[in-house]
Structure formats: structure tokens, C-alpha cells
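I opened the model to look up a few residues. My notes follow in the order I checked them.

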Number of protein chains: 2
Amino acid sequence: MKIGVIGGGSVGLLFAYYFSFRHEVTVITKRREQAEAIRQNGIRLIADGKEGAAKTEATVKPDAAYDLLFVAVKAHQLESVLPQLENAAPRNIMFLQNGMGHIPELEKWDAGHRVFVGAVEHGAVKENDYTVRHTGKGAVKWSAFSGNSASEALIKELASVHEAFPFMWQEDWYDMLAGKLIVNACINPMTALLRVKNGKLVEEQAYFSYMKLVFEEASRILAVEDPEASWENVLSVCRNTKRNTSSMLADVAAGRKTEADAIMGYLLKRAKEAGESAPHLAFLYDSIKALEKG
Amino acid sequence: MKIGVIGGGSVGLLFAYYFSFRHEVTVITKRREQAEAIRQNGIRLIADGKEGAAKTEATVKPDAAYDLLFVAVKAHQLESVLPQLENAAPRNIMFLQNGMGHIPELEKWDAGHRVFVGAVEHGAVKENDYTVRHTGKGAVKWSAFSGNSASEALIKELASVHEAFPFMWQEDWYDMLAGKLIVNACINPMTALLRVKNGKLVEEQAYFSYMKLVFEEASRILAVEDPEASWENVLSVCRNTKRNTSSMLADVAAGRKTEADAIMGYLLKRAKEAGESAPHLAFLYDSIKALEKG
């Protein structure tokens, strides 16, 4: 397949690298220098102390015809990406944003594409414009977004991208994204404020108790069907990624804008609409926003 | 009276200024340059847009004979101050630290002085080595520390220091410090993390709810007798100081060490001794500590 990947961050580079083994990949970056760096060096991936390199194309224009296009920019960058995709011929597009802040935008977006959403459960750190470190091996869960469907052929094709990069088809996009959102709401802001690795949240009794309070707010807001299973999932992600630095902690440490809006901001909006209170999420959201402002 | 004030921070300068009208005051500073600046310029106080100046002595040695000595250093600086006072003749010493982190130290301290503790309910910001801005007019509550007593003469004398600087005698030092500690535990860390003025904590519904959770932990740990009155006190301090920047927010903004140990740290120690959990205080404490480290 011809694969396009919009976004040259850690997730974009990770996708481009693993797809390049069996597919023709083009990375679409914002900065011209990054596209050049990728064209010259290919994409380098570091995992388990080993290094690999993959030749890929790169450009700054998203207008070529792709069989499958991944959108791997942050949620708050979508508003500049979506208009660029509106006049293209219908294609498969998978959105990989964290949280659910992009969902209202996608619901309004009517550009005739087959839209999918994915939840990336890999840990990855961008080392430079063309190098990514694969720090936590997981899976990409994906699903068809409201009203769309996926062909058996696409499901099969994605299942066999690379053994270290499994795709897992999910029937229900809402459950999938809500589950991931709860994990992010529990882990990201706490680790960013406390400046701890993910594992600490289950190792320290006080953090564990506090995270449970955050979980209860988030799962109530999203009307999670099986809260017990969802809480177990949060705990297992903490354990499985215990040595990882959450993306929000990395953003805060680097002085970048975080995904607070897509994660806590979305939950607070839903809570407000329902007239519910969510003091822990509000406190986390505003504290992260205060950190962002310096 | 001969008055000594150890500490040239905002509280020390405030005390030295107001006592200088009817008493002979010496400020004892850590830095020689500050003592010189005070000797040369006197202490300048800015309040309600007006400026006053008071001539005071200043030195770096705390060894002269004072009728009353105020210790206005932060709690974590006490360990270097106490030994300097041990060989002096018995005198009246009033400790003005925030929180209750200094209480275990004072309980062990047996230097033969008459020890008092004070709770400063003024807002003050140090502008430079000899200038202080009196931003919130309140009172100084004071009490005799365990086993000590205050003479009627001293109580009367302190009651008439200056009309803008009232002293209020309290029978029970524990209730007095515990009440102040709860106020500090509720207001200081939240304002420092959210970077908001004190008033916001009662104006924003979510902050209000969150502060109530912090209050419940703190008042339970301190076994407060009348929690309702104590909560009302927290709210009224928020309202009365609504335009004030809390000392912890000021410390965090200036990159200084905060009083987190004396405030949340002390409460967490007490909670641990009692086998109680205090997830909100633990989260606030560790988040402030993470901020301090940058």
C-alpha cells in the first residue's frame, strides 16, 4: 500500500519506520528541514539497544494519493491539518490523537473519507528529526469511526505490518478511546506534576489512592460500563510502563504545550455539559496549564 | 523594651518597623550587607500607597540582651538559629514560624528561656533589603508555649505596639497554631500549583470543592475540635486576603525553597504516626517539592 504519515513526532516516525518494511511510506512534516533529514538519512529506530534504519520518502505537502493516511499530529494541531485534507479524493484516514478532544471535530468533519481512529499503546521518544527510540512495545488498537467501516482486507493487512508493531481491530471506537482516555487522565497529569515515572503511581500508596479518585471522576464522566475492568487496565498500564516517562511529563520537562486539553479538558467539558463536578480533574488541568505558562 | 528581631525577611522587617515607634529595635540579619542597608536607610514600609520610615539598629550577631526577641526565620532555618540562643541569659523569645514543623524542635529545646509562639496573620512582601510592603492588615496571635507563661505586663505591652499592628493573646498555643496550619495547608499549596491569588479558591467552584477535601484531611489529622468553625475560618481568610499572593506561590515564583515541610510535611508526619492516609496532602506536598526542584 501507499502509506502517508502526517506528523514527524515520535508516533509519526514510529509508524513510518514499521510500515516501511512492506509498504511505500511518505512522511509529511511541517518543517522542510525535517523532510530533508528524513530523505537523506531514512528513519532510524532504536529498540532494545539495537538500531535499525528504513528508507522512506518525506515531503511537506499532504496532497499525494495514499491508500492509507495516518494523522499523527497532536490534537491541538488538527485544526490546521483537516482543511488540507478536504479536497483530496476519498481515502482511508486514521487519526491517532490522544484523548478525545478531537472527536467533536471529527464528528463535524464531512470530507467524504473513510475515517478510522487509533489508540497507540507504544512508548516512543523522538531523539532527533529522523531518529525515534521505541521505549515500550505495545499495540495499536484501531476502529472505524462513527458510520464508517473497515474492509476485511484492510484489517488483515494491518494485522501483518510487522511483528513488533501489532494492530488490533476493535468493534467499538467509543469504548476504545474512552478506555485510553481514562488511562491518560490517570497517569499523565499526575506523573507530570509529581515528576515521577509511571510505575510510581502504583508503588506509592498515597499516589495510588489519589489516582483512584481521579479514575472515579473520569470513569463516571465517560459512563464506563465496567469500571472495575477499566481500573484494572489503568493499573496494568502503570505496571507495564513503570520505567516510562509519560508524554505529559516529557512535554512539561521540555517546556512544550501538553495534551491537557485533549485529556482533562475534554473530560471537564463533558462534566460541565452534564452538570457534574470533577474537582480532581479540574485541579490537575489547571495545575498543568499553570506549569505550561511557566 | 529592647526588642530583637532575628530574620530580615518580610515578617522580620514588618515587626521591626512597627515596634520601632515605642521600642528600641535591633534587626539581626544573616547577611552583613542587609544589616548595613538597614542601618543606613532605616526600615521603609509601604502600606495603602503611603510610605513610612523607621530608624532601627541592625547587626549580624544575636548576642545582645533583649527584653523580647522575635525569631522570624523560616522553619527550616531554625536549626542554625537555636544553638546561637542557648548560652544567652533567660529571656522572652517568640517564634513566628508558619506551620507546626518547628514544634517538635521547640519541645526538645531546653535553654531556659520563656518561649512563646506567634501566628502572623498579616500579608507582607519584601521589596528590598530594607523595604517591606504591608499588603494585608491582620493581627499577630500569640500564646505561651508549653509550660511557659506570659506576664500581664507583657500582654498589655504587646497589645499597644501600634494601632496597625495588633497583638492578640491566646490561651491555647496548640489550637492557635493548628488553626493557622489548616489555613496554610488549604491555601498555600493550591495557590502555588494553580498560580492563583487566594480569593480564587472560594470563587471557583471546583477549587472550593477540592480545598474542602484538603481541609478534611488536615482537620482530621490535627483532631480539630470544631471543624465547622475551622472551615469557616479558612473561607474567611480566603475572602479577606483575596487579592494576596500566598507566601508559597511567591516562593515558587521566585524559585525559593517553600515551607512545604513545615505545613504539609508536618501533617503527613502526624498522619503517618497515626497510620492515617492523606492522599491529597501527599499529592500537594510532592507536587510542590517537584516544583522546587524545577
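I started with B:His102. I found B:His102 in the loop of chain B that runs between β7 (92–95) and α4 (103–108). The model is predicted, so I read every value here as computed.

Is B:His102 buried or exposed? I get 0% relative accessibility for B:His102, so this residue counts as buried. Buried means under 20% relative accessible area.

Next I listed the contacts of B:His102, leaving out residues up to four places away in sequence. B:His102 touches B:Leu78, B:Phe95, B:Gln97, B:Val117 and B:Leu177.

I moved to chain A and looked up A:Leu158. I see A:Leu158 in helix α5, residues 152–159. Its relative accessible area is 0%, so I note A:Leu158 as buried.

Which residues does A:Leu158 touch, not counting those up to four places away in sequence? I list A:Phe19, A:Leu68, A:Phe70, A:Met94, A:Trp142 and A:Phe167.

I also checked A:Leu158 against A:Met168. They are 10 residues apart in sequence, and I read 8.3 Å between them in space, C-alpha to C-alpha.

Last, I looked at surface charge on chain A. I noted a negative surface patch. A:Glu171, A:Asp172, A:Asp175, A:Glu225, A:Asp226, A:Glu228 and A:Glu232 form this patch.

A:Asp175 is in helix α6 of chain A, residues 173–194. How exposed is A:Asp175? The relative accessible area of A:Asp175 is 46%, so I wrote it down as partly exposed. Exposed would need over 50%.

Definitions and conventions:
Residues numbered from 1 in each chain as written. Chains lettered and ligands numbered in written order. Predicted model: local features only at pLDDT ≥ 70, side-chain atom pairs only at ≥ 80, totals over all residues. Heavy atoms only, no water. Patch = residues over 30% accessible without salt bridge, like charges linked within 9 Å, V, L, I, M, F, W, Y side chains within 5 Å. Areas by Shrake-Rupley, 256 points an atom, 1.4 Å probe, with all protein chains shown as cover. Salt bridge = Lys/Arg side-chain N within 4 Å of Asp/Glu carboxyl O. Lys, Arg positive; Asp, Glu negative; His and termini not counted. Charge placed at Lys NZ, Arg CZ, Asp CG, Glu CD. Helix = DSSP H or I, 4+ residues; strand = E, 2+ residues; numbered from the N terminus. Buried < 20%, exposed > 50% of the residue type's maximum accessible area, 1.4 Å probe, protein only. Contact = heavy atoms within 4.5 Å.
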